[in-house]
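Thanks, everyone, for making the time this morning. I would like to walk through one model with you, starting from the overall fold and then moving to a few helices and individual residues.

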Amino acid sequence: MAIQHPLTLAFGLLGNIISFLVFLAPMPTFYTIYKRKTAEGFQALPYVIALLSSMLYIYYALLKEEFKEDATFLITINSFGCVVETLYISLFLFYAPKKARISTLTLAFLLNVFGYGLMMLLTHFLATGELRLKIVGWICLVFSLSVFVAPLGVLRQVIRTKSVEFMPFPLSFFLTLGAVTWFFYGLLIKDYNIAFPNILGFLFGIAQMVLYIVYKNTKKVLEEQPKVQELSEHIIDVVKISSLVCPELSPVVLQPTLDITNDMIQAVQNIIVMAEKTEEAKEAMDIDASTKV
């Protein structure tokens, strides 16, 4: 492994370590899928594109090796990536609903089988030497951008649902850190097909972490709201029933407060008062009836 600059070795090793953690970052997500026994609500697109990107970079690295350019770091990490992404996609397919399973299989066949195979055939027979290396390099650049753009669907879902359940923070953090590392590695070896895509990766990683900070506590608030609404509806029902039983009773007006505990105490007191008034009304009706008889 002929590396001329010690910083290149440092960033190459660091890039492999961080990318290793990036590939492992979705494990909590898939553990959640395993516990729920369903992949509903999750997306397989980022993993399908990440698999294709790893496959492309292995092909690119092998072409670089033909020109006596060291590509050990690219081969090692992307080989690991192919294995891990394949396992993720397999687990997703096992627990995905039928519609999501069919769409994921279709996407994987079109991109990872047909698309990748067609690219290899065309570049092998229609280009030679350095031209082939440049073409494959540009293809890798485009799909590296796709890897970073793929989570945009998740970002849209986070904004729409105001929940970060489907966007794990470790993945966003390590993607950002890895983008910085691989940018400097590509810059040092003067391979801009590696360096340039990671600029966009850094920006998208920052955007994901910002959204996580903004919406990380929103889910808890949204879960509490239905409980308050349900309590309110029960109290309103009690008022309606009491009005039907004793029309002469004045309706109880419940004033909303910011303290849910006070609301509950006030509601219980109102119910007790209504019950007492109902009993008094019934006794009065019984006395009237006995007087008439």
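This is a predicted model: local features need pLDDT of at least 70, side-chain atom pairs count only at pLDDT 80 or more; totals for chains, interfaces and linings use all residues.

Read along the sequence, the pattern is accordingly α-α-α-α-α-α-α-α-α-α-α-α. Of the 293 residues in the protein, 38% are buried, and among the contacts with a separation of 6 or more, 76% are between residues 24 or more positions apart.

Let me begin with helix α1, which covers residues 6-24. This helix has 19 residues and reaches 27 Å from its first C-alpha to its last, close to the 27 Å expected at 1.5 Å a residue. Its buried residues are T8, G12, G15, N16, I18, S19, V22 and F23, and what covers them includes α3 (45-66), α4 (72-95) and α8 (169-188).

How do α1 and α8 pack, at what angle and with their axes how far apart? The angle is about 155° and the axes are 8 Å apart, and the two helices are therefore roughly antiparallel to each other, with a crossing that is left-handed. On the α1 side the contact is made by L7, T8, F11, G12, L14, G15, N16, I18, S19, L21 and V22, and on the α8 side by L171, F174, L175, L177, G178, T181, W182, F184, Y185 and L188. By class, that contact has 14 nonpolar, 7 polar and no charged residues.

The next element is α3, which has 22 residues and reaches 32 Å from its first C-alpha to its last, close to the 32 Å expected at 1.5 Å a residue. Because 18 of those 22 residues are buried, α3 is largely enclosed by the rest of the structure.

One of the packing partners of α3 is helix α5, residues 98-126, with an angle of about 20° between the two and their axes 10 Å apart. That angle makes α3 roughly parallel to α5, and the crossing of this pair is right-handed. The α3 residues in the contact are L45, V48, I49, L51, L52, M55, L56 and Y59, while α5 brings T104, L107, A108, L111, N112, Y116, M119, M120, T123 and H124. These residues divide into 14 nonpolar, 4 polar and no charged.

A lysine in α3 is worth a separate look, namely K64. Is K64 buried or exposed? With a relative accessible area of 4%, K64 is buried, and, leaving aside residues up to four places away in sequence, it touches E69, D70, A71, L74, L133 and D191.

Finally, I would like to turn to the backbone. Most residues other than glycine have a negative phi. K37, in the loop between α2 (27-36) and α3, has a positive phi of about 60° although it is not a glycine, and at 48% relative accessibility K37 counts as partly exposed. K68, which follows α3 and lies in the loop between α3 and α4, likewise has a positive phi of about 60° without being a glycine, and with a relative accessible area of 77% K68 is exposed.

That is where I will stop, and I am happy to go back to any of these regions on the screen.

Terms used:
Residues are numbered from 1 along each chain as its sequence is written. Side-chain values use heavy atoms; hydrogens and water are left out. Helices (H or I, at least four residues) and strands (E, at least two) are DSSP runs, numbered from the N terminus. The expected span of a helix is 1.5 Å times one less than its number of residues. Buried means under 20% relative accessible area, exposed over 50%, partly exposed in between (1.4 Å probe, protein chains only). Contact means heavy atoms within 4.5 Å. Axes are lines fitted to C-alpha atoms, for helices over the stretch in contact, and angles run from 0 to 180 degrees between N-to-C directions. Angles under 35 degrees count as roughly parallel, over 145 as roughly antiparallel, 65 to 115 as roughly perpendicular and the rest as oblique. A crossing is left-handed if the near helix is turned anticlockwise from the far one by less than a right angle, and right-handed if clockwise. Ala, Val, Leu, Ile, Met, Phe, Trp, Tyr, Cys and Pro count as nonpolar, Asp, Glu, Lys and Arg as charged, and the others, Gly among them, as polar.
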